[in-house]
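Please read them against the sequence and the coordinates.

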Amino acid sequence: MSNEVAVISAVRTPFGKFGGTLKEFSLPELGGMVVSEVIRRAQINPKDVQEVATGVNLPGSDRSIARQVMLDAGIPDDRVAYTIDRACCSSMAAISMVSRSIRLGEVNVGVAGGTENMSKVPYFLTGHRWGNSLGDVVLKDQLVIACPMTGKPRAVQAGEEAVEYQISREEQDAWALRSHQNYLQALESGKFKEEIMSVEVPQKKKAPISFSADESVRPDTTLEKLAKLNTIYGSPTVTPGNAPGLSTGASAMVLMSVADAEDRGIKPLGRLVSWAMASGHPDRIASIPAESARLALEKLGMTIDDMDRIEVNEAFAAVPLVSTLV
């Protein structure tokens, strides 16, 4: 059994801001368009795809999202599709699951990715199915994102772990600014052109517009402006400026067995050679990425010192700062 999986193509939509250009798209619509495009870029037939995995963190009231994505993309209805909820790791877990199927020889070609629309996350009326005789009716907002095990807001968890490792608010603001500046430099040099697809957005009484650029970027961000922001939800260090946005978008990649890619004469974009999932106490939101990196490297007999480049999901600036420290 080969330990490697070939990445054939990858694409994402532009990321829309909260209440922005993509706010009206459903999760299956967003996911279906990227899956259709990633198949086109791979120059394969939708009939070649044997498995689809779609990561979703906040599905709202929708169901069987991966199944809908698969059908929207023109993949035959007798293929397997499943939706994965592993919080912020959902789309990464989707890649791991499809890769596992390929390594086990169960499929040769699969598609993995994620879809999210924070702007369409509904309010919930919990406990009111049988009516409310007296008293106030309370709406539950899923976007006040808290740990379901401890009840702590994620921003509090990240901030407390940052304090534990003596990482200051100022360091987190500086990281957020650096990340933003790196993004702007990459954008200016055309680094995102190949990975972003355009999305046709319907308009009322007007022709559709072509949406092709990430929407949340703030070119005028400065340390001084970040320093003026208040912390959120009682977090000791996390503010709207060093936290992730409530974005909308989707991504997908075509994965294939190395042997199948060679038989088709396809040169992969890259190969997945090792991966690992890790878990810990629910409060350890900022340090667990480091543990998963260690596990993945151990499988190859490598250490972090062997790496030339490291990418960590910036779900709060605290996360890469803590993970690279521990």
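1. This is a predicted model. R12 has a relative accessible area of 9%, which is under the 20% limit, so R12 counts as buried. Its partner in a salt bridge is D214, at 2.9 Å from N to O. The two residues are 202 positions apart in the chain: R12 belongs to strand β1 (residues 5–12), while D214 sits in the loop between β8 (206–211) and α6 (223–227). D214 is buried as well, with a relative accessible area of 14%.

2. A second pair is local. R40 and E37 both belong to helix α1 (residues 27–42) and are three residues apart, about one turn of the helix. Their side chains form a salt bridge of 2.7 Å, N to O. R40 is exposed at 54% relative accessible area, whereas E37 is buried at 13%.

3. R79 and D78 also form a salt bridge, with 2.9 Å between the closest N and O atoms. D78 is exposed, its relative accessible area being 57%.

4. E4, E262 and R271 are joined in a network of salt bridges. The whole structure holds 16 salt bridges.

5. The second largest pocket has a volume of about 240 Å³. Its lining includes G20, T21, K23, E24, F25 and E29, together with V201, P202, Q203 and K204. Strand β7 (residues 199–203) supplies three residues, the largest share of the lining. By class, the lining has four charged, three polar and three nonpolar residues.

Methods:
Residues numbered from 1 in each chain as written. Predicted model: local features only at pLDDT ≥ 70, side-chain atom pairs only at ≥ 80, totals over all residues. Heavy atoms only, no water. 1 Å grid on protein atoms, 1.4 Å probe; cavity = no way out; pocket = protein on both sides within 12 Å on 5 of 7 lines; lining within 4 Å. Points joined across faces, edges and corners; volume = space filled by probe spheres on them. Helix = DSSP H or I, 4+ residues; strand = E, 2+ residues; numbered from the N terminus. Nonpolar A, V, L, I, M, F, W, Y, C, P; charged D, E, K, R; others polar. Salt bridge = Lys/Arg side-chain N within 4 Å of Asp/Glu carboxyl O. Buried < 20%, exposed > 50% of the residue type's maximum accessible area, 1.4 Å probe, protein only.
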